[in-house]
Amino acid sequence: MTRTAAIIGGGVIGGGWAARFLLNGWNVNVFDPDPEAERKIGEVLANARRALPALYDNAMPDEGELKFFSDMGEAVANVDWVQESVPERLDLKHKVLGALSDMAPDTAVIGSSTSGFKPSELNAEGARAIVAHPFNPVYLLPLIELVGEAERTGKAAEILRGIGMFPLTVRKEIDAHIADRLLEAVWRESLWLVKDGVATTEEIDEAIRMAFGIRWAQMGLFETYRIAGGEAGMKHFMAQFGPCLSWPWTKLMDVPEFTDELVDLIAGQSDEQSGHMSIRELERLRDDNVVGMIRALKRSGSGAGGVVKAHDANLLTNETKDGLPVTARRQVPASWTDYNGHMNETHYLEASSLATDRFMAIVGADESYIASGKSYFTVETHIRYLDEVHAGDKLTVTTQVMGGEGKKLHLFHRLWNGESLAATVETLLLHTDLNTRRTCLPEEAVAKAVAAYAEEHAGKDADGHGRHVGQRQAAASSPEGAVT
């Protein structure tokens, strides 16, 4: 049964929440009196549809239904989650959260996106909300800080993991929670550096993104400094650099006066730095960079990459199409397209490679099998390009076993773009001992599984177009469809 989330306040954060739930298969109700809310959320959704699926190697669930309401009570009726994202004014939070506590089902989680207020402050007038503080862009960054009663935050954490997020439950309530307190320290020091003429906004950003910003993305602060201590670890680092904490390096306890002159100075430098790009262009640049970094971290399972890797595994299905197993389903990311706007030929092969890996796992040649010292190696591949594929298209790959006797595994992948056959990829693999690097027979269980599929798939056309493997050379001399 599809679950429903209500988003109260459709600004940058509320729109990000809507996208995160919607693209993970939830229905979403939005309440925002702003007459531009539907347009603004539509633009956020367009960016999310472009970016979020690019994190995954499996297709995401079908989108839920998005509805806009003019009545808050109707928006929160019969929902499972309510997310309040109104401006950071405590009087407004009291008014909205109080009303939501009366209107929403007792079973619904009521989360506030507040970046600074504590639950005791939010609920001072009888509301039953928890802090569920996200980070922008909500549809890409997994961290959610949860603060509140254990029973409510526990339920919230379970739901959030189901939509690919990383709930971090704060041990005790404190102003600005955890992450924003750290960000505030860096922000405050940066304001001083600009005000004192030490650095411009661009130079400060360069210092972050060219060095410790990259380190933090995969190890955070304390693990980074543990390594900085060398073989002696954190104790050595603390002994070596601890004394500098008493030196006058920073102005963390002092705040520059927030004058019009300071605002104009920073705003002017910021405009000079990136004013040549629109906000939407900057958002897409940010999203592409975030996707690239998280996918790099995904391979090792570090940081945010570990969250996406786990969620990706949950997206696997055991579907069939035309009597063949579906071995890959994914949305084509913009990074797979070339200067013609088509999916580059390299990525047809990548999609079929994902399908091969999935089929190997299906027959038992999975990660644990490979770790035991045996696997299949690809020795020959033939591709036919039959139709164009563009960014955002959803590919479905089916796999047919053409043969599986002895050491050989002969696979035939069909890459479908909807109901259109976009390509076929024929692959020959040999079973190999990873220790000797020589071919060998597969384990009995794997051999039996392959043989069963080969028998089941026997007699099907090789490529779905009436041609057979022996006619490959003729087909290559007169290719069908568009080659990208």
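**Contacts, burial and local geometry of the chain**

User: Among contacts in the chain between residues at least 6 apart in sequence, what percentage join residues at least 24 apart?

Analyst: The model is a predicted one, in which local features need pLDDT of at least 70, side-chain atom pairs count only at pLDDT 80 or more, and totals for chains, interfaces and linings use all residues. Residues are numbered from 1 along each chain as its sequence is written, and side-chain values use heavy atoms, with hydrogens and water left out. Where contact means heavy atoms within 4.5 Å, the share of these contacts that join residues at least 24 apart is 68%.

User: How many helices and strands are in the chain?

Analyst: Helices (H or I, at least four residues) and strands (E, at least two) are DSSP runs numbered from the N terminus. By this assignment the chain has 17 helices and 15 strands.

User: What percentage of the 484 residues in the chain is buried?

Analyst: A residue is buried under 20% relative accessible area, exposed over 50% and partly exposed in between (1.4 Å probe, protein chains only). Of the 484 residues, the buried part is 43%.

User: Which strand supplies the largest share of the lining of the largest cavity?

Analyst: A cavity is a set of points on a 1 Å grid, over the protein atoms alone, where a 1.4 Å probe fits but cannot get out; lining residues have an atom within 4 Å of a point. The lining of the largest cavity includes Asn58, Leu315, Glu319, Val326, Arg329 and Arg358. Four lining residues, the largest share, come from strand S10 (residues 324-331).

User: Which residues does a cis peptide bond join?

Analyst: Omega of the cis bond is about 5 degrees. The joined residues are Asn136 and Pro137.

User: Is Asn78 buried or exposed?

Analyst: Asn78 lies in the loop between helix H3 (72-76) and strand S4 (81-84). Its phi is near 60 degrees, a positive value in a residue other than glycine. Because its relative accessibility is 70%, Asn78 counts as exposed.

User: What is the relative accessible area of Arg437?

Analyst: Arg437 lies in the loop between strand S14 (420-433) and strand S15 (438-439). Although Arg437 is not a glycine, its phi is positive, about 60 degrees. Arg437 is exposed, and its relative accessible area is 56%.

Methods: On a 1 Å grid over the protein atoms alone, a cavity is a set of points where a 1.4 Å probe fits but cannot get out, and a pocket is an open set with protein on both sides within 12 Å along at least five of seven lines; lining residues have an atom within 4 Å of a point.
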